[in-house]
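These are my notebook entries on a structure that I looked through, written so that I can follow my own steps later.

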Amino acid sequence: MYTIKEASTRTGISVAVLRAWERRYGVVVPRRTARGYRLYDDAAIERLRAMQRLVRDGWSPSAAAGHLEGLSPEAAAALTRVSSRPTHGTGETALAQRFVEAAANRDGAAVEATLDEMLAQSSFESAMDGQVMPALVALGEAWQRGRLDVAAEHAASAAVLHRLGTAFQAAGRAWGATSGPVLVGLPSGSHHELGALAFAVAARRAGLPVVYLGADLPTSDWVRAARAMRARAVVVGVVTAADHDQAGEVVAALGRDLPSVRVAVGGRASASVVAGDAVLRLPEGLAPAVAALE
């Protein structure tokens, strides 16, 4: 039998996500000690690993949990060995290369067509994590090497931004007067918003009432918006090391002025922001990050 921390170590799933999957989806029902501590057996560990595999392959957490319902431990264990994601061979690398070449050639039609192909091959979450975001990294690297100029890089990024904006409007439910929203955005001075907007889309697709606040939002406006909308949670994107100080300022201000609001941080540089019991650091990957917030 394993404690929740040991289960987290064995599966690579954060404690926050383990609790969320248990509470929201009933993926496993761990035993409890006399003092209420969770205990996981080997079958539960295999089931959690299977859930993790399905989510990484692009399944929504609710769909993955439904798929696992009734499966034997042996069948669940088999899922960890066989991917349910369509195999693309070297297609992912080829698509990233095509995206960069189209951007460098200022071929807007080819940029759009490549994005269509990326997004059509799997779920939104899987496509963004496995295709679009790596292509954007390749785009930035190509700019640094001088293969394309700022205008070409901005045009290609804007095409992705437009797709995400459309997906956000089409996904899930909007914030209503009867329920406080989840606010998602970037701190003052931060402009790399594609990851934050992709997370906002994924969270809406999971049924959360998300309001996307965008990039470069001053700390005082974070607090003002959270108070005015009676937000239930706030997610602050931390993309680069330069975002560290301003993100920390937002987290501190929300904790001081609105202690009842759940605060989370996510993004490549989020590990640099101090997170305690009151602050949730989201894991990598859109689906696991949304599950942790749920």
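Is Ser 157 buried or exposed? I looked it up, and Ser 157 counts as buried at 16% relative accessibility, where buried means under 20% relative accessible area, exposed over 50% and partly exposed in between, with a 1.4 Å probe and protein chains only.

Before going on, I noted that this is a predicted model, in which local features need pLDDT of at least 70 and side-chain atom pairs count only at pLDDT 80 or more, while totals for chains, interfaces and linings use all residues. I also noted that residues are numbered from 1 along each chain as its sequence is written, and that side-chain values use heavy atoms, with hydrogens and water left out.

Entry on Ser 157. I found Ser 157 in helix 9 (residues 150-170); helices are DSSP runs of H or I with at least four residues, strands are runs of E with at least two, and both are numbered from the N terminus. Leaving aside its neighbours within four places in sequence, Ser 157 is in contact (heavy atoms within 4.5 Å) with Leu 136, Leu 139 and Leu 194.

Entry on helix 3 and helix 4. I looked up helix 3 (residues 42-56) and helix 4 (residues 61-68), whose axes come within 9 Å and cross at roughly 135°. The axes are lines fitted to C-alpha atoms, for helices over the stretch in contact, and angles run from 0 to 180 degrees between N-to-C directions. That makes helix 3 oblique to helix 4, since angles under 35 degrees count as roughly parallel, over 145 as roughly antiparallel, 65 to 115 as roughly perpendicular and the rest as oblique. On the helix 3 side I listed Arg 47, Ala 50, Met 51, Leu 54 and Val 55 as making the contact, and on the helix 4 side Pro 61, Ala 64, Ala 65, His 67 and Leu 68.

Entry on helix 2 and helix 3. The axes of helix 2 (residues 15-25) and helix 3 come within 12 Å and cross at roughly 90°, and the two helices are therefore roughly perpendicular to each other. Here I noted Leu 18, Trp 21 and Tyr 25 of helix 2 against Leu 48, Met 51, Gln 52 and Val 55 of helix 3.

Entry on positive phi. I found phi of Arg 106 near 55°, a positive value in a residue other than glycine; Arg 106 lies in the loop between helix 6 (91-104) and helix 7 (108-120) and is exposed, with a relative accessible area of 54%. Phi of Asp 216 is also near 55°, but Asp 216 lies in strand 4 (residues 210-217) and is partly exposed, at 34%.
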